[in-house]
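Try each task before you read its solution.

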2 protein chains.
Amino acid sequence: VEATYTDLTTGQPATSHIEAALKSKKHVVTTNKGPLALHYASLIKLAASKKVQFRYEGTVMAGTPMISFGTTNLAGCDISEIRGIFNGTTNYILTRMGEGMSYADALAKAQELGYAEADPTGDVEGFDTMGKVMILANIFMDGKLKKEEITRQGITGITPEDIQRAEAEGKRWKLIGRLRREGRRVTGSVAPEALPLSNPLSSVGNAVNAAQFATDLLGEVTVVGAGAGRKETGFAVLSDLLDIHRAIG
Amino acid sequence: VEATYTDLTTGQPATSHIEAALKSKKHVVTTNKGPLALHYASLIKLAASKKVQFRYEGTVMAGTPMISFGTTNLAGCDISEIRGIFNGTTNYILTRMGEGMSYADALAKAQELGYAEADPTGDVEGFDTMGKVMILANIFMDGKLKKEEITRQGITGITPEDIQRAEAEGKRWKLIGRLRREGRRVTGSVAPEALPLSNPLSSVGNAVNAAQFATDLLGEVTVVGAGAGRKETGFAVLSDLLDIHRAIG
């Protein structure tokens, strides 16, 4: 079980840990975003060559089982698009701003609650969500998406006027990570969107996360749940261990 | 694959079909609510004694994989409550009423679209939702809930004034099926509730369904998706067949 800190530039030291374990024929569970975003293809190949299991439910939406939902429960469906709220800090800030709080006050409150770090850049400029989009592209879209190809816009440009206009139109701002397959082409983006209240993502407030799958057989299916937390991420590890038990049992 | 019509009073002829198949050691998939609501315990026992698989994803929310989500993806969590929107017809009517349409007009529109039957009693008085609550109690709460013990209230008593008051308070009416475990006691209910817009169930509109699980390790997790449809129910059968393949593979 690999659970060290995330480095989205190198994926280390987690990637070396995982490689060493797989090479010695150990099943691996990780909650670390770095290896999944940067070295997915080689790790999957290594696990297959050693005939061992590799699981990573906790890398997106903590223990909320969105990865297994897409890979197992929706098996048999063609998934053409995945979009969602994958960063709790920015969703918390946007929720407070929707209630009239300023960006600066909402950020301070998020830091006070431990959601946002002292340097909030990774969250508010969309880098964290971009990492999740890369992971989901690796898992669900054959990895056909390069970091440079993902357009990225954070939430710092959203003004009180933007918020008020959205409220007046019955809409809510959300930072949406999105990946879409069109023919052989996969595109990815991170950008704030004003969603109508008829979209289930619009009612996902505070630090909660959500993922929406567009499929051929089921239409849109949405999973809403925790996106962070010790206990919640611990459950991701437990559910991966149970899944490995089922697979090899 | 058993896919005959539903009879929530006797569970027939589906239950006899399923029993005959299980007795001759065939794996069974059904989309039929009757056997699941009325004869779950004996069918599960029969399948176990014959060492064959019995699957029923399509009995609640069509192909939206809420049953496998609760039994497999959430395995390891303790589920204390399940609540949701399990009837598309009433949700369609409530959505239109929220936009200002009268109950009679909304019902007529639902009938025109093929959602509601000529005699809408089963939907609007909550009997269909009650059937789903019974099924979920059988699957998730050890069957400790009798039909007579489920309180049931439909949507016919909701007035335009109720709708307006909810809108003014930023709430939306939904027909909620609910089952809750408290110690050894399991309670069930079907009743309209005015939900705040902060609840993901509030933004589930038209004929869409949703299920919310209250858990110990993950807090609240919600699945939103189709609740009916030929293609969607066909996918439930496909996903059950894949699941059986995994289980015996």
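**Exercise 1.** At what angle do helix α4 (residues 66-73) of chain A and α4(B) pack, and how far apart are their axes?

*Solution.* Start with the ground rules. This is a predicted model, in which local features need pLDDT of at least 70, side-chain atom pairs count only at pLDDT 80 or more, and totals for chains, interfaces and linings use all residues. Residues are numbered from 1 along each chain as its sequence is written, chains are lettered from A and ligands numbered from 1 in the order in which they are written, and side-chain values use heavy atoms, with hydrogens and water left out.

Step 1: α4(A) and α4(B) pack at about 120 degrees, and their axes are 11 Å apart. Axes are lines fitted to C-alpha atoms, for helices over the stretch in contact, and angles run from 0 to 180 degrees between N-to-C directions. Helices are DSSP runs (H or I, at least four residues), numbered from the N terminus.

Step 2: α4(A) and α4(B) are therefore oblique to each other. Angles under 35 degrees count as roughly parallel, over 145 as roughly antiparallel, 65 to 115 as roughly perpendicular and the rest as oblique.

Step 3: Ser68(A), Phe69(A) and Asn73(A) meet Ser68(B), Phe69(B) and Asn73(B). Contact means heavy atoms within 4.5 Å. By class, this contact of α4(A) with α4(B) has two nonpolar, four polar and no charged residues.

**Exercise 2.** Describe how α4(B) packs on α8(B).

*Solution.* Step 1: the axes of α4(B) (residues 66-73) and α8(B) (residues 127-140) come within 11 Å and cross at roughly 20 degrees. That makes α4(B) roughly parallel to α8(B).

Step 1: α4(B) brings Met66(B), Ile67(B), Gly70(B) and Thr71(B) to the contact, and α8(B) brings Leu136(B), Ile139(B) and Phe140(B). Five of these residues are nonpolar, two are polar and none is charged.

**Exercise 3.** Work out how chain A and chain B are related.

*Solution.* Copies are superposed by least squares on the C-alpha atoms of residues with pLDDT of at least 70 in both.

Step 1: find the residue of chain A that comes closest to the rotation axis; Val223(A) does, at 2.3 Å (C-alpha).

Step 2: 100% of the interface residues of chain A are also interface residues in chain B, so the copies meet through the same surface.

**Exercise 4.** Check the confidence of the prediction.

*Solution.* Chain A has a mean pLDDT (the predictor's confidence in each residue, from 0 to 100) of 95, and 100% of its residues reach 70 or more. The complex gets an ipTM of 0.95 and a pTM of 0.96 from the predictor.

Note on methods. Helices (H or I, at least four residues) and strands (E, at least two) are DSSP runs, numbered from the N terminus. Ala, Val, Leu, Ile, Met, Phe, Trp, Tyr, Cys and Pro count as nonpolar, Asp, Glu, Lys and Arg as charged, and the others, Gly among them, as polar.
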